[in-house]
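Trainee: I would like to learn how to read some features of a model. Please take them one by one.

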Amino acid sequence: AWLNGVHLRQLSPEELGQRLLPFLGEHIITSVDESYLRRIIPLVQERLKTLSDILDLAAFFFTENLQPDPELLARKLGWEQTTKALQLAVEDLDTAVPTWDASQIETSLRDISVKLGLTAGQFFGLVRIAVTGRTATPPLFQTMEVLGPDRCLLRLRTALNYLSESHTLSP
């Protein structure tokens, strides 16, 4: 696995993309936009040991209907604070980010964490779960840039809905 990972890291992003395309097509979706894949590869290439690792590392990039786990979302901050944090993230990202790039996203999210009195790790972890459904992913801000504003905002709103529905159903 280690040696294979070394080999994969030495490939150009274009070559790695060509090797991943058939694999992704078989396991995730019927067609993959090559330009989209080229934007994802730099985020995951260092972490790949085998081609099949792409499924664990990047499936959320190709998933349209992400269903985040409400328990995972609220695990560290509780329902109320998690809801407030996600609402603020949606509002701020939707209106205050002039250009959807990693640095603007980071600035916005750091400002929100300060407003909420949360550490960056607490807040970024929450956003990561809402946007990717996972606790560990490639770099958050670059991931959000690649996913794009429409998909990120939809996922944040979806997380809010799942959180609200789950909390209403809880005893």
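Trainee: Is glutamate 165 buried, partly exposed or exposed?

Mentor: Buried means under 20% relative accessible area, exposed over 50%, and partly exposed in between (1.4 Å probe, protein chains only). Glutamate 165 has 48% relative accessibility, so it counts as partly exposed. Glutamate 165 is found in helix α10 (residues 149-169); helices (H or I, at least four residues) are DSSP runs, numbered from the N terminus.

Trainee: What should I know about the model itself before going on?

Mentor: This is a predicted model, in which local features need pLDDT of at least 70 and side-chain atom pairs count only at pLDDT 80 or more, while totals for chains, interfaces and linings use all residues. Residues are numbered from 1 along each chain as its sequence is written, and side-chain values use heavy atoms, with hydrogens and water left out.

Trainee: How are two packed helices described, and at what angle do α3 and α9 pack?

Mentor: Two packed helices are described by the angle between their axes and the distance between the axes. Axes are lines fitted to C-alpha atoms, for helices over the stretch in contact, and angles run from 0 to 180 degrees between N-to-C directions. Helix α3 (residues 34-44) packs against α9 at about 175 degrees, and the axes are 10 Å apart. The two helices are therefore roughly antiparallel, a label for angles over 145 degrees. On the α3 side the contact (heavy atoms within 4.5 Å) is made by Tyr36, Arg39, Ile40 and Leu43, and on the α9 side by Gln142, Thr143, Glu145, Val146 and Leu147.

Trainee: How many of the residues of α9 are buried?

Mentor: Six of the eight are buried, so α9 is largely enclosed by the rest of the structure. Among them are Leu140, Phe141 and Met144. Threonine 143, also in α9 (residues 140-147), counts as buried at 0% relative accessibility. A polar atom of the threonine 143 side chain lies 2.8 Å from the backbone oxygen of proline 139. Leaving aside neighbours within four places in sequence, threonine 143 is in contact with Leu43, Phe60, Phe61, Thr132 and Pro138. Just after α9, glycine 148 has a positive phi of about 90 degrees.

Trainee: Which residues touch the most other members of the largest nonpolar core?

Mentor: In soluble globular proteins, nonpolar side chains tend to be buried together. A nonpolar core is a set of buried Ala, Val, Leu, Ile, Met, Phe, Trp, Tyr and Cys residues joined through side-chain atoms within 4.5 Å. Here the largest has 54 residues, and Phe61, Leu93, Leu109, Phe123, Met144 and Leu156 touch the most other members. Helix α8 (residues 120-132) gives the most to this core, seven residues. Not counting residues up to four places away in sequence, leucine 156 touches Leu86, Val90, Leu93, Val127, Ala130 and Val131.

Trainee: How many aromatic pairs does a search of the whole structure find?

Mentor: Rings of Phe, Tyr and Trp (its six-membered ring) pair if their centres lie within 6.5 Å; planes under 30 degrees apart count as stacked, over 60 as edge-to-face and the rest as tilted. The search finds five pairs. For phenylalanine 123 and phenylalanine 124 the ring centres are 6.4 Å apart and the planes are at 50 degrees, so the pair is tilted. Phenylalanine 123 is buried at 0% relative accessibility, and phenylalanine 124 is buried at 10%. Elsewhere, ring pairs link Tyr36, Phe60, Phe61 and Phe62 into a cluster.

How values were computed
Polar contact = N/O pair within 3.5 Å; in protein donor to acceptor, adjacent residues only side chain to side chain. Parallel < 35°, antiparallel > 145°, perpendicular 65-115°, else oblique.
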